[in-house]
Amino acid sequence: MECAIRPWRLEDAASLAQNINNKRVQDNLRDGIPYPYTVRDAEEYISQMLAADPTEMFAFAIDVDGRAIGSIAVERGRNIHFRTAELGYYLGEPYWGRGYGTSAVRQACAYVFSHSDILRIFAEPFSCNAASCRVFEKAGFQLEGILRCNAVKNGKLLDMKLYSLLKDETSPLP
C-alpha cells in the first residue's frame with residue numbers, strides 16, 4: 001500500500017494523539033512519550049518539529065487520504081557522525097501490516113538523501129519487533145548486527161538490531 005509523507009500541520013494533532021495514545025504502539029518506541037498522550041502533547045510535538053532546523057531534523061507525518069496515521073523522522077548525528085542520521089517511525093495500530101511503514105521509510109530516505117549531504121541512515125528497532133525489522137529489510141536496509149542487552153523497556157532488558165542504508169545503495173523511487 002502507498003502512503004505519502006508530508007510536513008506536519010497543527011490540524012494533525014487529534015490524529016497524532018489518537019494513533020500514539022496506544023500502549024502497543026508505545027511499547028515499541030523509546031521512553032519519554034507521555035501516556036496517556038493528549039491533543040496538547042501532540043500540538044507541542046508538532047510545533048517542535050515545525051520549528052526544528054530543517055538541516056538537522058527531517059520530520060514528517062505519514063499520510064493516507066489526508067489523515068496523519070503515523071510519524072517518521074530522520075535526525076542528523078553530531079560531531080564525527082554529522083553525515084549519518086537515525087530514523088524512527090511509528091504507525092497507528094489500525095494501519096499495521098499494510099505496507100505503509102515500508103513505503104514511508106523508502107520515501108523518507110529518498111528525501112533525506114536527495115535534500116542533504118547525509119550518506120548513511122540507520123535504525124535500531126527492538127529485536128523482538130519483527131514487523132519493524134521486516135519494514136527495514138523490505139526498504140533495503142542491511143542488518144549490521146545485534147546490540148545485545150542494549151535497552152530497558154517496561155522493565156525488560158532487550159536486544160536491538162542495527163540496520164543501515166547507504167546513499168549509494170538506494171535507487172530512485174519508481
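A residue is called buried when its relative accessible area is under 20%, exposed when the value is over 50%, and partly exposed in between, with a 1.4 Å probe and protein chains only. The model is predicted, so local features need pLDDT of at least 70 and side-chain atom pairs count only at pLDDT 80 or more, while totals for chains, interfaces and linings use all residues. Residues are numbered from 1 along each chain as its sequence is written, and side-chain values use heavy atoms, with hydrogens and water left out.

**First stop: N22**

Select N22, which is buried because its relative accessible area is 18%. N22 sits in the loop between α1 and α2 (23-26). Helices (H or I, at least four residues) and strands (E, at least two) are DSSP runs, numbered from the N terminus.

Now display the surroundings of N22. Not counting residues up to four places away in sequence, N22 touches Y35 and E93; contact here means heavy atoms within 4.5 Å. The side chains of N22 and E93 are joined by a polar contact of 2.9 Å. A polar contact is a pair of N or O atoms within 3.5 Å; within protein, one must be able to donate a hydrogen and the other to accept it, and residues adjacent in sequence count only if both atoms are side-chain atoms. The N22 side chain also reaches the backbone nitrogen of R24, at 2.7 Å.

**Second stop: R6**

Is R6 buried or exposed? R6 counts as buried, because its relative accessibility is 11%. Its side chain has a polar contact of 2.8 Å with the side chain of D12 and another of 2.7 Å with that of D63. Leaving aside neighbours within four places in sequence, the residues in contact with R6 include F60, A61 and G66.

**Third stop: the aromatic pairs**

Colour the rings of Phe, Tyr and Trp (its six-membered ring): they pair if their centres lie within 6.5 Å, and planes under 30 degrees apart count as stacked, over 60 as edge-to-face and the rest as tilted. By this rule there are seven aromatic pairs. One of them joins F60 and Y111 edge-to-face, at 5.2 Å centre to centre and 80° between the planes. This pair links distant parts of the chain, since F60 lies in strand β2 (residues 57-64) and Y111 in helix α4 (residues 100-115), 51 residues apart. F60 is buried at 9% relative accessible area, whereas Y111 is partly exposed at 32%.

Then select Y89 and F136, whose ring centres are 5.8 Å apart with planes at 75°, so the pair is edge-to-face. Y89 belongs to strand β4 (residues 84-91) and F136 to helix α5 (residues 130-138), 47 residues apart. Y89 is buried at 15%, and F136 counts as buried at 3%.

**Last stop: the largest pocket**

Finally, select N28, L29, G88, Y89 and Y90, which lie nearest the centre of the largest pocket among its 46 lining residues. The lining divides into 25 nonpolar, 11 polar and 10 charged residues.

Key. On a 1 Å grid over the protein atoms alone, a cavity is a set of points where a 1.4 Å probe fits but cannot get out, and a pocket is an open set with protein on both sides within 12 Å along at least five of seven lines; lining residues have an atom within 4 Å of a point. Ala, Val, Leu, Ile, Met, Phe, Trp, Tyr, Cys and Pro count as nonpolar, Asp, Glu, Lys and Arg as charged, and the others, Gly among them, as polar.
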